[in-house]
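Here are a few friendly notes to read alongside the model. Please keep the structure open and look up each residue as you go.

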Amino acid sequence: MADHLLHITDLHVSVAGNEIIRGLDLTVNRGSVHALMGPNGSGKSTLSLALMGHPKYTITKGDIKFKGQSIVELSPDERARLGMFLGFQYPSAVPGVSVANFLRNALMAHHKGSSPLTPAKFKQLLDNGIRKLKMDPAVLARYVNDGFSGGEKKRLEILQALVLEPDLEILDETDSGLDIDALRIIAEGIEAQRTGERAILLITHYQRILNYLKPDVVHVMVRGKIVREGGPELAAELEAKGYDPLIKELVEA
Amino acid sequence: MATNIERAPDVDRAAIEQLVKSEPDWLGDLRRAAFTRYEELPQPDATTPGWRRLSLEGIDLRAPRPAPTVFTTQVSAADRERGLVVCSLADAARSHEGDVRQALSIEHKGKSVGRYAAIAEAAWQDGVFVYAPAHFVAQEPVRIELSSGTYPRVMVLAGEGAQLTVAETHREQDPVSAGVVDLLCGGGAVVRYLHVQDCARTAAAFSHQRAMLERDARLITLNFGIGGRFARTDVEVELRGPGAESDMLGLVFAEDRQQFDYRTLQGHRSPNTRSDLLFKAALDDQSHASYTGVIVIDRGAQRSDAYQANRNLLLKEGARADTEPMLEIEADDVRCTHGATVGPVDEEQLFYARSRGLEADAAARLIVEGFFAEVFEKFGNPAVTDSLRSAVAPHLGRVGAV
Ligand SMILES: Nc1ncnc2c1ncn2[C@@H]1O[C@H](COP(=O)(O)OP(=O)(O)O)[C@@H](O)[C@H]1O
Ligand SMILES: [Mg+2]
C-alpha cells in the first residue's frame, strides 16, 4: 500500500560481520504510534541505526521504503531531509559545538532552498521546545551532549525532534534511565508531536512509558525478527510475564 | 657551489659585535655568551635527537644575519595614561634598564634552550617591551604585530597583582625567523598571552616562549599556528611560586606540506601549583604535527596538579601526527594525567550530525569548528580570538569527510 509511511520487507542487517537483523518486516502508518519492544540484544538499536543509514550497519537483503521510496541507497542526511529522525539510545557528544549552533545548522540543512530561517523564527522554535520539555535555557549554550547526564541527553534528543518536525520519529529507548518526573515530561513532549501526519516508532524495553503514551500497534522483536504484533494489551502482557515465555515458545517451535 | 643568491648570509660573530657597539656593556656580554652557546650547539638535521620525526628536506634552517624587527603596537590611550608601558625593547634597555637587565639575565632551567633560542638571544634587533606596574588592571588587550625581522624579541613584565592580555601576531615573510618571548608574572598577576604564527608559507618560524610565575600568579597562553612552511614552538612555563597556575593552549590548522613541531614544559617547582595543557591540531593534506610535552614536578612541589592533553585530527589520509609525553615526577602527593589522540573525525559524531540533515562535508566542518571553538573559549578573551575563527574559516571550506 502506497500509504505506508515506513514499509520494511525481509530486512537483513549485518554489523561487524554478524547478521543481527534476519528477515524483518515492519509497517508504520502515518498518524500512529508504534511500540517496538524486545529483550536486550534482540537488535532494536541495530534496526534503528540501519534505518537511519549508519555506515557500519550493512543491509545485505530486503528493502526499506519511506514515503513510498526505497531509501537503502540514500545517505543518512538525505534520509533526514526526507523526514526521518532518530532519537539515539546513545547520542554522541560534539564538543565545541553549542546546542543552538548545532540546531541552526540542522535546520538550515533541512530548509535549504526554501524560506530562510530568520533569527527570530529560530529563537521562537527553540524557546518553544525548551519550555515544553521544561529544560534550562542555558542548555542552548552548552556543547552538544558534552558532559550531559543521561536524562539531559534524552531531553535534547526530543528537543531536536520538536525543532526539526520530522514525519517519522524513531525513538530508541528515549525512556530509559529517566526518573518518573522526567519520563512524564518526555512522554508529554512526544505526545505533543502526535499529529495526523506524523508517525512515531517508540523503541522500548519497558512498558512504563506506554502508560503515558498509548501505542496503536505493538511489535515484539526477538533475535532480529518481529515475532508478535498486537494492540496495547500486548505490551501489558509482556510487562506482566516478561519476555521469557515468548522466547521459550520460539525455541520450542 | 650552488648557493641561493636571494638568501642573506649566515649570522656570524661580527654581526653580533655590530649590534653590541651602541649598547650597554651588560647587554653585550649577554649577547656574546648567547652566541657562544649558539656556536656550540649543532645545526639540527634529520639525525639530530628530537628532530628525527621531522622531514627537513628542502627547508633551509640556517640562521641568517640579523635584520631589524618591524612591528606595530596597539594600546589603549587610557591604559597608557594609567601607567602601562608598551615600547621598543631597544628603548626599554635604557629607559627601564634595571627591569630589562634582570629579565634578560634569568637562568632558564628549561629543557629545550636550543640553538634557535640562543641565536635569538644573541642577535635580536629590537622587539617589544610590555610593562604593567603592580596592581595595574588593563582595560584593553595590548596588540603587537610583527611584519618583518629575523630575531624578534618580546618581553612582558606583569607586576604583582597586575592583569593584562597581550596578543602577538607574527606575519614575517623572512625565510627564517627565531623569536624569544619572556613572560614574567609577579605574585597574583593574571596574564593572558596569545601568540599567533601566520608567517609566509615558505618561512621557517621558531618561537621560544618562557614564562616565570611567582606566588599565586595565573598565566593563560594560547599558541595559534596557521602559517609557515615549518614552525617550531617551545612553550616553557615555570611555576616558581606556590599556588601558581597555568593554562597552556595550542591550536594548529595545517595544510599542504606544513610542519608544526611543538614542545612544551610544565615545570612545577613549588607546592600547590596547577598546570592544564590542551594542544590540538587539525591536519589537512600532507601536513604533519609533532608534539612533545614534558611535565616536571620537583620533590618540593607537593599537592600539585598537572594535566596534559594532545588531540590531533587527521583530515586527509596523507596527514600525520605524532605525540610524546614525558613525565619527570619526583613528588608523591600530586595528581597528573596525560592523554593523546590521533585520528580522523569521529565516525559516530559524523553520523550523528548527518542524521540531523547535515551533508557529510558540512558535518565534518562543524565538528572541526567545534574542535577549535573549545580551545578559543577556554582562552577566555573573545576580543582577541574571534578574528582567529574567521582566519580559519576559509580553510575549513576545504574540509570534507575523509
Ligand atoms: N557496532 C556494533 N559492533 C558490533 N556488534 C554490534 C554493534 N551494534 C550492535 N551489535 C550487536 O548486535 C546485537 C544487537 O544489539 P542491539 O541492536 O544494540 O540490541 P538492542 O538494542 O535490542 O539491545 C548485539 O549482539 C550487539 O552486540
Ligand atoms: Mg538498544
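1. Let's start where the two domains of chain B meet: across their interface the rule finds 1 salt bridge. A salt bridge here is a side-chain nitrogen of Lys or Arg within 4 Å of a carboxyl oxygen of Asp or Glu. Lys280(B) pairs with Glu374(B), and their closest N and O atoms are 2.5 Å apart.

2. A word on the basis: this is a predicted model, in which local features need pLDDT of at least 70 and side-chain atom pairs count only at pLDDT 80 or more, while totals for chains, interfaces and linings use all residues. Residues are numbered from 1 along each chain as its sequence is written, chains are lettered from A and ligands numbered from 1 in the order in which they are written, and side-chain values use heavy atoms, with hydrogens and water left out.

3. Which residues make up each domain of chain B? Domain 1 covers 13-344 and domain 2 covers 345-402, with bounds from an automatic or database domain assignment. Their C-alpha centres lie 27 Å apart.

4. In this domain interface, 35 residues of domain 1 of chain B are in contact with 23 residues of domain 2 of chain B, contact meaning heavy atoms within 4.5 Å. About 2,400 Å² is buried between the two domains, and carbon and sulfur atoms give 72% of that area. Buried area is the accessible area (1.4 Å probe) that two parts lose on being put together, summed over both.

5. Now to the contact between the chains, which takes 21 residues from chain B and 34 residues from chain A. The area buried between chain B and chain A is about 2,200 Å², with 59% from carbon and sulfur atoms. Phe351(B), Tyr352(B) and Arg356(B) supply 36% of the area that chain B buries against chain A, more than any other three residues.

6. How many salt bridges does the rule find across the interface of chain B and chain A? There are 4. One salt bridge joins Glu348(B) to Lys56(A), with the closest N and O atoms 3.4 Å apart.

7. Finally, find ligand 1 in the model. The residues surrounding ligand 1 (a heavy atom within 4 Å) include Pro39(A), Asn40(A), Gly43(A) and Tyr57(A). A backbone N or O atom of Gly41(A) lies 2.8 Å from an oxygen atom of ligand 1. For Lys44(A), a backbone N or O atom is 2.9 Å from an oxygen atom of ligand 1.

Conventions
A polar contact is a pair of N or O atoms within 3.5 Å; within protein, one must be able to donate a hydrogen and the other to accept it, and residues adjacent in sequence count only if both atoms are side-chain atoms.
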